[in-house]
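Let's take a look at what sits inside this protein model. Keep the structure open beside you as you read.

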Amino acid sequence: MNVSSSSVAVRIRHAVSQGMVVIFGCLMVMLISGCGSEAYAPVSGIVNFDGQPLADAKLIFEPIGDSTGNSSGKPSYGKTDSSGQFSLRCPQEDVEGAAVGQHRVRIVTTKAQEYSEKQMTQAKQRLEKQEVANGNENPNVTDEMVKAYLSDAIPNMSKETLPAKYNLRTELKFTVESGKENVANFDLEGR
C-alpha cells in the first residue's frame, strides 16, 4: 500500500465514523421526540353533575386519531374522588396523563359487580370440576377467573345514572396539549 492509498483509507474511515455519529444522533433525537412520556401529558380536572361534585365516576379518554383511524396513543383512565377531582393514567403505557391529541371522553357511574363469598366458592368449585373433567388434575383457578366466569353468568344490575350523551353516545371531547398540565373540567347536566 502506498502513502496516497493509505491516506484515502484513513479519510474513508474518518468519514464513516462521522456518518455513524450523525446517524446515531438522529436516532436518539427520533427516539426522544417520538416515544415515551413526550407523547403523553398530565391531565387532571373536576367533574360536576347538576352543579355538585360527582364522586366515584370513571373517566375514559379515548384518542380519536386521524382520518385513517390511526390514533396517537392508548386510552387513559381516571376516577373522581369525593370532591369530583380526578387525574388520568394510561396503564397500557404505564405513564401518568393521556396521549397528546384529541380524545373522545366517556364518564360512567356504573359500579363493578360484587359477588358474595358463597357465589365465589360455588363458582370456583364449578370451574375446578370443569378443569378436572378436561384432564387437568391440578387446576389452579384464580379469583380473576372466578370473577370472569361470574360476570358472564350474572348480569350487572348496576344502572348508569348519567345521560347517554356523556358515556354510551358521548358528545364530550378534549384535546391534550404537549408540554403542559392540562385541566379538563366537565359540568354535566341531568337533562
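Phe61 is buried, with a relative accessible area of 0%. Keep in mind that this is a predicted model. Who does Phe61 touch? Leaving aside its neighbours within four places in sequence, Phe61 is in contact with a whole list of residues, including Val43, Pro75, Phe86, Leu88, His103, Val105, Phe174 and Phe186.

Two of those names come up again when we turn to rings. The structure holds 2 aromatic pairs, and here they are:

| Pair | Centre to centre | Angle between planes | Type |
|---|---|---|---|
| Phe61 and Phe174 | 6.0 Å | 70° | edge-to-face |
| Phe61 and Phe186 | 6.4 Å | 70° | edge-to-face |

Both pairs reach across the sequence. Phe61 belongs to strand β4 and Phe174 to strand β11, 113 residues apart. Phe186 lies in strand β13, so its pairing with Phe61 ties together parts that are 125 residues apart in sequence.

How hidden are the partners? Phe174 has a relative accessible area of 16%, and because buried means under 20%, Phe174 counts as buried.

Now zoom out to the core. The largest nonpolar core has 20 residues, and the ones touching the most other members are Phe61, Ile107, Phe186 and Leu188. Elements giving two or more residues to this core are β2 (43–49), β4 (58–63), β10 (101–108), β11 (172–176) and β13 (186–188). The largest share, 3 residues, comes from β11. There's also a second, separate core of 7 residues, with Met120, Ala123, Leu127 and Val141 among them.

Definitions and conventions. Residues are numbered from 1 along each chain as its sequence is written. This is a predicted model: local features need pLDDT of at least 70, side-chain atom pairs count only at pLDDT 80 or more; totals for chains, interfaces and linings use all residues. Side-chain values use heavy atoms; hydrogens and water are left out. A nonpolar core is a set of buried Ala, Val, Leu, Ile, Met, Phe, Trp, Tyr and Cys residues joined through side-chain atoms within 4.5 Å. Buried means under 20% relative accessible area, exposed over 50%, partly exposed in between (1.4 Å probe, protein chains only). Helices (H or I, at least four residues) and strands (E, at least two) are DSSP runs, numbered from the N terminus. Contact means heavy atoms within 4.5 Å. Rings of Phe, Tyr and Trp (its six-membered ring) pair if their centres lie within 6.5 Å; planes under 30 degrees apart count as stacked, over 60 as edge-to-face and the rest as tilted.
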